[in-house]
Amino acid sequence: MPKGAIFLFLHLFCDIALATQCGKVWLTVSSLWRPIAASNKVVDAELEVNWDIDCPSDTGFPDTIKVFTADPAHNKTIKPKLVLTSLQYPRGYYRTNITVGRPALPGGWDVKDGATLPGPHCLKHHAGLYKDGAILTSACLQIWPTWMYDLRRKLGRLPIGSLMIPGTHNSGSYKHGDLTRRDAFQKYLLTQDRDVWTQLVHGIRYLDIRVGYYPSIPNSTDIEEDNHINRFWINHDVVRITLLSDIIKDVRSFLDVARGEVVIMDFHRFPVGFEDRPNTHRQLATILSREFEGLILKPNRGVEGLGPTLNDIWTEGKRLIICYDDKHTVNEYDWLWPTMSQAWGNQQTVEGLFKYLDKVIMGPKKSRNSQNPLWAVMAELTPYPLDIIFNLSSGLRQMADSVNRNLTYKFQEEWWKETNIVATDFFLGNNLIEVSIQANIKKSNGAC
C-alpha cells in the first residue's frame, strides 16, 4: 500500500477519534422493503442516517445533518438530497427514501479478477454533521476491502483469537440480483442481501456456511450430475438457496486479489444429505482442498491460547481458515480446524437477545471450544418454529431492522473488548465493520 494511502487511512481514524469528542454520523442500508404498485418489483436497500452526539457543554449542539450523492468536499456546488434539522435527540437514525441499490464497487473491486486499489473507498452517498453552517464531521457509505493488511503495523502482533472480526450469519442465503415481491414474501429464507464477494469487499471476514448435499437434483443436466461440486448447495435449514461453488469462487477470487486479508469459513451445519455418510464429508473436503490449494492455514492442534498472530499468518502465506463441525472429518484432515463455538441465543426479542449476549460476552468463557481459539457471537433474532410454519411474524428483514442499529452501539461502547467474531443478518444495516476496525486499533494500543 503506498505511503500516502497509509497516511490517509490513519488520518481517517484520527479524524474519527477527534469527531467522537463531539459527535459522529454514519450511513447504513435498511433491510426493509416497500412494494411498488402494480409491479412485481419492490423498493429496497434504502439509505439510513445514524448519529451519536456527545458534545462538551461549552461547544454547543450540532443542528443539522446533510446527505449528498457525491462528496461535498470535492464538489462544492452539489446540493444535498436530504437535510435533517433540529436534531432533538443526541442519538438517533432516520430512514430515507434514497435508494442505494446494488452499485458498482469503487476502487476496481467490482471486477473479481481485475486491478484493485487497497484502502477504504467511498460509494457515492455522503453525510455531514453541521453546526451553524460549519461541518463538524462527515462520513460516507464505504467499503473496507483490505483493512487487515492496511493496518498491519498496528494489528500484526494481535492473535487471530483476540481480534474483533465482522461476519455474516447464513452467509450464502442471499438473492442474486434485484429483490422481487416473491423474494420479499419468502421472509424466512434470506438472511443477506449481498453476495459473498460483496460481503468480503465491504470488510466481512467470517462466513457462516450451512451445506446440503443432493446426489440427484430434478431438472439438472447430465453434465451437472457428473460434477460432484454441483451436488453441494448452501442451505437455509432444509431449503436449497445457492450453489456452494458460487461461494467457493467468490472466496478464492477475493483471496487472490486481496493478498493480505485473512478469511474464516465456518462449515457449521450440514442439514441435508450428510447424516451417517462419511464419504459425503470426504467429497466435500476433497473439493475444498482442491479449490483452495495453497491458501489453507493449518491449525496448531494441542496448543491452547488465542491462535497465531496476523504476522505469523502472513509469514506462512496461508490466509484461509476452514472450521468444520464434524469431528471425524476433522481428525482425517490436518488442515481442518475443529468446530468453532457459536454463541446462539435462540432469542425472539431485542431485549432477550441483548440480555443473552451480555451474559455470553461479558461472562465466563467456559462454553468455548478449547481446541479452537476462534468463537463467534451470532447476533441476530430467531423466529419461533410456528412463526415459520404459519407465517405469523414479520420476517427476518424486520427482525434484523429491529436489532442491527442497537448492535452498533452495544459493540462500540461495551462489548468490543471481549468479542472475537460477531455475525449478523443483513450486515449493511449495522456499522460493525467500522466498529471492529476501530476496536482492533484500540486493542493494539495504537494512538492517533
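Where is Ser162 found? Ser162 lies in the loop between helix H3 (152-155) and S10. The report returns to this residue below.

## Basis and overview

This is a predicted model, in which local features need pLDDT of at least 70, side-chain atom pairs count only at pLDDT 80 or more, and totals for chains, interfaces and linings use all residues. Residues are numbered from 1 along each chain as its sequence is written, and side-chain values use heavy atoms, with hydrogens and water left out.

The protein has 14 helices and 18 strands. Helices (H or I, at least four residues) and strands (E, at least two) are DSSP runs, numbered from the N terminus. Buried residues make up 56% of the 448 residues. Buried means under 20% relative accessible area, exposed over 50%, and partly exposed in between (1.4 Å probe, protein chains only). Among contacts between residues at least 6 apart in sequence, 74% join residues at least 24 apart. A contact means heavy atoms within 4.5 Å.

## The S1-S4-S7 sheet

Three strands form an open sheet in the order S1-S4-S7, with antiparallel pairing. Strands S1 (23-29) and S7 (91-99) stand at the edges. Each has a single partner strand, so one side of each is left without a neighbour in the sheet. The twist averages 20° from one strand to the next. Two strands count as paired if DSSP finds at least two bridges between them.

S1 and strand S4 (residues 46-53) run antiparallel and are joined by seven bridges. Within S4, Glu48 stands opposite Thr28. Helix H13 (residues 396-415) packs on the sheet and touches S1, S4 and S7. The direction of H13 makes about 35° with that of S4. Axes here are lines fitted to C-alpha atoms, for helices over the stretch in contact, and angles run from 0 to 180 degrees between N-to-C directions.

## Helix H8

Helix H8 (residues 278-291) has 14 residues. From its first C-alpha to its last, H8 reaches 20 Å, close to the 20 Å expected at 1.5 Å a residue. The expected span is 1.5 Å times one less than the number of residues.

Which residues of H8 are buried? They are Thr280, His281, Leu284, Ala285, Ile287 and Leu288. These residues cover an arc of only 160° around the axis, which puts them on the same side of H8. The arc is that of the directions from the helix axis to the C-beta atoms. An α-helix has 3.6 residues a turn, so residues three or four places apart point the same way.

## The disulfide

A search of the whole structure finds one disulfide, defined as a pair of cysteine sulfur atoms within 2.5 Å. Cys122 and Cys140 form it, with their sulfur atoms 2.0 Å apart. The torsion about the S-S bond is about -70°, so the disulfide is left-handed. The pair links distant parts of the chain, 18 residues apart. Cys122 sits in strand S8 (residues 121-131) and Cys140 in strand S9 (residues 134-143).

Cys122 is partly exposed, at 39% relative accessible area. Cys140 is buried, at 9%. Cys323 also counts as buried, at 0% relative accessibility.

Strand S10 (residues 165-168) is covered on both faces. Ile165 and Gly167 are buried on one side, Pro166 and Thr168 on the other. Four bridges join S10 to strand S18 (residues 421-424), and the two run parallel. Ile165 stands opposite Ile421 in S18. S10 also runs parallel to S11, through two bridges. There, Gly167 stands opposite Tyr206.

Ser162 counts as buried, at 18% relative accessibility. Leaving aside residues up to four places away in sequence, Ser162 touches Leu306, Thr419, Asn420 and Lys443. Ser162 and Gly305 are 143 residues apart in sequence and 9.7 Å apart in space, C-alpha to C-alpha.

## Gly119

Gly119 is found in the loop between S7 and S8. Gly119 counts as buried, at 4% relative accessibility. Gly119 and Met148 are 29 residues apart in sequence and 9.8 Å apart in space, C-alpha to C-alpha.
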